Amino acid sequence: MADSSHRDPPGGEPGADFVRTAVRDDLASGRFDRVQTRWPPEPSGYPNIGHAKAALLNADVAGEFDGSCTLRFDDTNPERESVEYVEAFRDDMAWLGITWQQVRFASDYFGRLFEFAERLVQAGDAYVCSLTADQVREYRGAPTRPGRPSPDRDRSPDENLQLLRRMREGEFPDGSYTLRARIDMASPNLNLRDPVMYRIRHAEHHRTGGEWCIYPSYDWAHGQSDSIEGVTHSLCSLEFENNRPLYDWFLQHLESELQSRQIEFNHLYIAHATFGKRVVRALIEKGVVRGWDDPRLLTIRGLRRRGYTAAAIRGFVRSVGVTKTRVLIDPAQLEYYLREELNRTAQRRMAVLDPLRVVITNYPQGRTEQVTAENNPEDETAGSHELPFSGELYIEADDFMEDPPRKFFRLALGREVRLKHAYYITCDEVVKDTDGRVVELRCSYDPESRGGGTADGRKVKGTLHWVSAPHAVDAEVRLYDHLFSREDMVSLPEGTTAADYVNPDSETVLSTCKIEPALAGVADGTTYQFLRKGYFVADPDGSVDRPVFNRAVGLRDSWAKQQAAAPPG
RNA sequence: UGCCCGAUGGUGUAACGGUAGCACGACAGACUCUGGAUCUGUUUGUUAAGGUUCGAAUCCUUAUCGGGCAGCCA
């Protein structure tokens, strides 16, 4: 079971969603006397935050009812699956802190599945069909029109059995035969119109190698795997609602002792983001993103590289709830969980993203002193660290305005502000280049204000972050925004693709940043708060000489908000 | 125009016939050595029309809108 210290869902009673209610009812009614779940991802890509929701739901439900949960790879399509992806799922889920009572593969059951299939054939419930894929589609009919029976539908069980065994022996080429369940070609549910159970694929499987040349379809493998494992509650997403009658049909016709119950819940979708594996693949191929771990992607690796923590992801995913409603969640909700955690835990450092040079004219030439900075005002136990102060500093360029509007609380000509943890400074002179751009500020400091306050108790309106120029380390900082400008990336207008909606400002690279010395060489995945700027994590692209930081999420910025609402003019 | 599923503020989510609540966001104010955090307050909602009932977001009917299903994908 995953971390049990999760917060209760906002609003309702904990564990009151319809899935848990159903499980509780099943226990009360005696339909089941225990709870076992499984999470069945297909290892055909890298997991994303949506996978985390499903994985956590299965793990949590099992844990809450003293049951067990299996990670079971649904590896029935060898052509798309690989050990690389299996490892990715295992690693990413482990990083998320989600654990299982056992790990299995659907391919572990290929032998049992084949025996089950033989049983169905012998009972006249399945047959070998020689129709081509195109013909199968045509014979299936349409939603408003019944299908037609395959010419092979009434072949004898003995003949079907011989054919099935020859399929398995590799006597036939790909696509020549399928094994189909014999159900109802007129069913209003298309899934029941003699669905395919086995197809011939002479392909190497990442676990069974060349042992098999026929592979079970999802519907066939999935429910029977549940049954073999003793799964009581098979939680899956909404798109399988129409498959539930088929799930039940197989179980009943196999006369399984355990009739597992399939319950469908809604997918996690977040606005301005994509979740499709093929979409991500296409974006990588086009160079829109750099890989599965691009910080703009909501893959687990992307979020991790972006600076998200496992706890924040878990908190978010549990907070969005489990329903049957199609939802598109506001990404601000995800960001909230990160800020909420990092505000409590992240150490504070100072970094100037867009440096403007400041010379303290009355500060002793060549002198350096150390000032003390608390590591986290929210956590007294976090301690403090020292940082150098000198007569040459950098402050943020937009923390100065020559002719400021009334609500601007920062530095301006003739105005006094506080340098966080250091001194009060007053701007005496503005130095400009030939184009009239501000290139340097000449300021004076009040030696009595060391540490950020004075005996006279006078107030300063603004407090700025800064770094000492001679001691600063050069760094690159990458700011991120939504990958797509379009809100709903789940359903796109006809004729458009995700690439058409890429936000050109999804990544902004700042290459002239100056960071405090304590920040050099922290390439360890720890997320810091850069004072007044947001939460940042070192990116593996950086080096000790030149660190690179990703902004995971910004701080709430009421000044910027005001500016956006009423632009200066 | 077949079958299945869904619809509660801007976004999520509670209320299993009895006061429509919570979270996020937004807005306003207080406070502040981060315009952060924190605190306080405000705004906005049961898709529609009928029916059952003393009483309906909840039960029934119909409509509307949205989603899913015609892979030898999952």
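Is D539 buried or exposed in this structure? D539 is buried, with a relative accessible area of 3%; here buried means under 20% relative accessible area, exposed over 50%, and partly exposed in between, using a 1.4 Å probe and protein chains only. The model is a predicted one, in which local features need pLDDT of at least 70 and side-chain atom pairs count only at pLDDT 80 or more, while totals for chains, interfaces and linings use all residues. Residues are numbered from 1 along each chain as its sequence is written, chains are lettered from A and ligands numbered from 1 in the order in which they are written, and side-chain values use heavy atoms, with hydrogens and water left out.

The structure holds 47 salt bridges, a salt bridge being a side-chain nitrogen of Lys or Arg within 4 Å of a carboxyl oxygen of Asp or Glu. One of these joins D539 to R478, with 3.7 Å from N to O. This pair links distant parts of the chain, 61 residues apart: D539 sits in the loop between β24 (534-538) and β25 (548-553), and R478 in strand β21 (residues 473-480). Such helices (H or I, at least four residues) and strands (E, at least two) are DSSP runs, numbered from the N terminus. R478 counts as buried too, at 10% relative accessibility. Both residues belong to a network of salt bridges that links D293, R305, E476, R478, D539, D541 and R546.

R339 counts as buried at 18% relative accessibility, whereas E335, at 21%, counts as partly exposed. R344 and E340 form a salt bridge as well, at 3.4 Å from N to O. These two residues are separated by about one helical turn because they are four residues apart in helix α12. R344 is partly exposed at 42% relative accessibility, and E340 is partly exposed at 25%.

Next come the empty spaces inside the protein. Rolling a probe the size of a water molecule over the atoms shows where empty space is left. On a 1 Å grid over the protein atoms alone, a cavity is a set of points where a 1.4 Å probe fits but cannot get out, and lining residues have an atom within 4 Å of a point. Grid points are joined across faces, edges and corners, and a volume is the space filled by probe spheres set on the points. A search of the whole structure finds three cavities of 30 Å³ or more. The largest cavity has a volume of about 200 Å³. Of the 17 residues that line this cavity, R296, L298, R306, P331 and H482 are the closest to its centre. Helices α10 (300-306) and α12 are the elements that give two or more residues to the lining, and α12 supplies the largest share, three residues. By class, the lining of the largest cavity has 11 nonpolar, two polar and four charged residues; Ala, Val, Leu, Ile, Met, Phe, Trp, Tyr, Cys and Pro count as nonpolar, Asp, Glu, Lys and Arg as charged, and the others, Gly among them, as polar.

The second largest cavity holds about 60 Å³ of space. Among the residues that line this cavity are Y46, F275, W292 and L298. Its lining divides into six nonpolar, four polar and one charged residues.

The nonpolar cores complete this part of the picture. A nonpolar core is a set of buried Ala, Val, Leu, Ile, Met, Phe, Trp, Tyr and Cys residues joined through side-chain atoms within 4.5 Å. In the largest core, with 52 residues, I49, I270 and F316 touch the most other members. Helix α2 (residues 49-64) gives the most to this core, nine residues. Not counting residues up to four places away in sequence, F316 touches I49, L268, I270, I329, Q333, L334 and Y337, where contact means heavy atoms within 4.5 Å. A second, separate core of 33 residues includes Y109, A117, L163 and I200.

V128 lies in strand β4 (residues 126-129) and is buried at 0% relative accessibility. Leaving aside neighbours within four places in sequence, the contacts of V128 include D152, L163, M167 and Y177.

Conventions. 1 Å grid on protein atoms, 1.4 Å probe; cavity = no way out; pocket = protein on both sides within 12 Å on 5 of 7 lines; lining within 4 Å.
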